[in-house]
Amino acid sequence: MLELKDITKRFDNRTILNKMSFQVPDGEILAIVGPSGAGKTTLLRCITGLETVDGGDFILDDEKFNPAANRDNDKVIGVVFQDFQLFPNLTVMDNVTLAPELALKMNKADATKRAQDLIDQLSLSGKEQLYPFQLSGGQKQRVAIVRALAMNPKILCYDEPTSALDPDLRQTVEQIILNLKSEKMTQIVVTHDMQFAKNIADQILRVEPIDA
């Protein structure tokens, strides 16, 4: 279980997150919703270690955990970015296998097999040797999810996974997230789409701007 206790984050003199506390049980989905500027993405960046916090504790499986200082954080918390952040000069297969080979020290054959299994699972078969510019938005989204899953994280986080997708693709992402839940993957989803949040989440956390 992931627990946040009194998490506080400031930028300059502005408090973005003020003593925020919640729990995400293993295998459940938490959706984080709220208006623009409320701190949804900042909260996700703190959870994934991309931002340091100014106060509070992260507790993972009853032990204190610092996402920003953990060298193995990619193996603990994976992240699917809103703009995908795929390497434009690498094929789909190379985008997926790069981190497992470098960070997990997997040999190329094992990394490729793991990647291919995930590529097949997310209906990307036949796209392995394509480059990101040759993919649709929905395909890039799925490649980004495959790349995060290839690190075998305990928790998978998404920043606005449906923001650039049409309704049909939104349902595809919905199904992917629910399928991962059936495999006991703990997931945290930042979204502006309340209906999407209701469709996928075990619990919904609404954040509001501090000055509101």
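User: What should I know about the model itself?

Analyst: It is a predicted model; local features need pLDDT of at least 70, side-chain atom pairs count only at pLDDT 80 or more, and totals for chains, interfaces and linings use all residues. Residues are numbered from 1 along each chain as its sequence is written, and side-chain values use heavy atoms, without hydrogens and water.

User: Are cysteine 46 and cysteine 157 buried or exposed?

Analyst: Buried means under 20% relative accessible area, exposed over 50%, partly exposed in between (1.4 Å probe, protein chains only). Cysteine 46 is buried at 1% relative accessibility. Cysteine 157 is buried at 0%.

User: How do I read the sheet, and what is the strand order?

Analyst: Strands of a sheet pair through backbone hydrogen bonds, either parallel or antiparallel. Strands are DSSP runs (E, at least two residues), numbered from the N terminus. Pairing needs at least two DSSP bridges between two strands. Here four strands form an open, antiparallel sheet, ordered E2-E1-E4-E5. E2 (14-24) and E5 (63-64) are at the edges with a single partner strand each, so one side of each has no neighbour in the sheet.

User: How many bridges join E1 and E2?

Analyst: Seven bridges join E1 (residues 2-11) and E2. Arginine 10 has threonine 15 in E2 as its bridge partner.
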